[in-house]
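The following exercises concern the reading of a protein model. Please inspect the sequence and the coordinates before consulting the solutions.

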Amino acid sequence: MGANTLIGNDVYNGKGEDLGDIKEIMLDTRTGRVAYAVLSFGGFLGMGEKLFAVPWSALTLDTTNKRYTMNVEKERLKDAPGFDADNWPNMADSTWEKKIHDYYGATPYRA
């Protein structure tokens, strides 16, 4: 799949709740692997939305519904570590990486 086909894909949980959509795909330039999907959640027409870096391993492709799924409650996502479009975290920081993987119960691929 081309990365541009992933941008804009919806993300739902197992309950069928809309968790947002994929805004960016973040690559680990050392390995060439996809590290995170950046999701947008909330807001209206791009204003007030919160961005989340979700470990790629926390997402599953749902080919039937043509979307991604993630095993997280919508309420939990509201409290997830996030950021806004003008203030991105340092995704190369190992402390930040551990915090994000722990929050979503995902194992880092290079662990």
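This is a predicted model: local features need pLDDT of at least 70, side-chain atom pairs count only at pLDDT 80 or more; totals for chains, interfaces and linings use all residues.

**Exercise 1.** Determine how many helices and strands the protein chain contains, and describe the order of its elements.

*Solution.* Step 1: the protein chain holds 3 helices and 6 strands. Step 2: read from the N terminus, these elements follow the order α-β-β-β-β-β-β-α-α. Step 3: of the 111 residues in the chain, 35% are buried. Step 4: among contacts with a separation of 6 or more, 46% join residues 24 or more positions apart. Step 5: the accessible surface amounts to about 6800 Å², and carbon and sulfur atoms contribute 49% of that surface.

**Exercise 2.** Locate serine 40 and decide whether serine 40 is buried or exposed.

*Solution.* Step 1: serine 40 belongs to strand E3, which spans residues 33-41. Step 2: the cut-off for a buried residue is under 20% relative accessible area. Step 3: serine 40 has a relative accessibility of 5% and therefore counts as buried. Step 4: leaving out residues up to four places away in sequence, serine 40 touches Leu19, Gly20, Asp21, Lys23, Glu49, Lys50 and Leu51.

**Exercise 3.** Carry out the corresponding analysis for aspartate 79.

*Solution.* Step 1: aspartate 79 is placed in the loop between helix H2 (74-78) and helix H3 (94-104). Step 2: a residue is exposed when its relative accessible area is over 50%. Step 3: the relative accessible area of aspartate 79 is 63%, so aspartate 79 is exposed. Step 4: apart from neighbours within four places in sequence, aspartate 79 is in contact with Lys50 and Tyr103.

Terms used:
Residues are numbered from 1 along each chain as its sequence is written. Side-chain values use heavy atoms; hydrogens and water are left out. Helices (H or I, at least four residues) and strands (E, at least two) are DSSP runs, numbered from the N terminus. Buried means under 20% relative accessible area, exposed over 50%, partly exposed in between (1.4 Å probe, protein chains only). Contact means heavy atoms within 4.5 Å. Accessible areas come from the Shrake-Rupley method with a 1.4 Å probe; for residues, only the protein chains shown count as cover.
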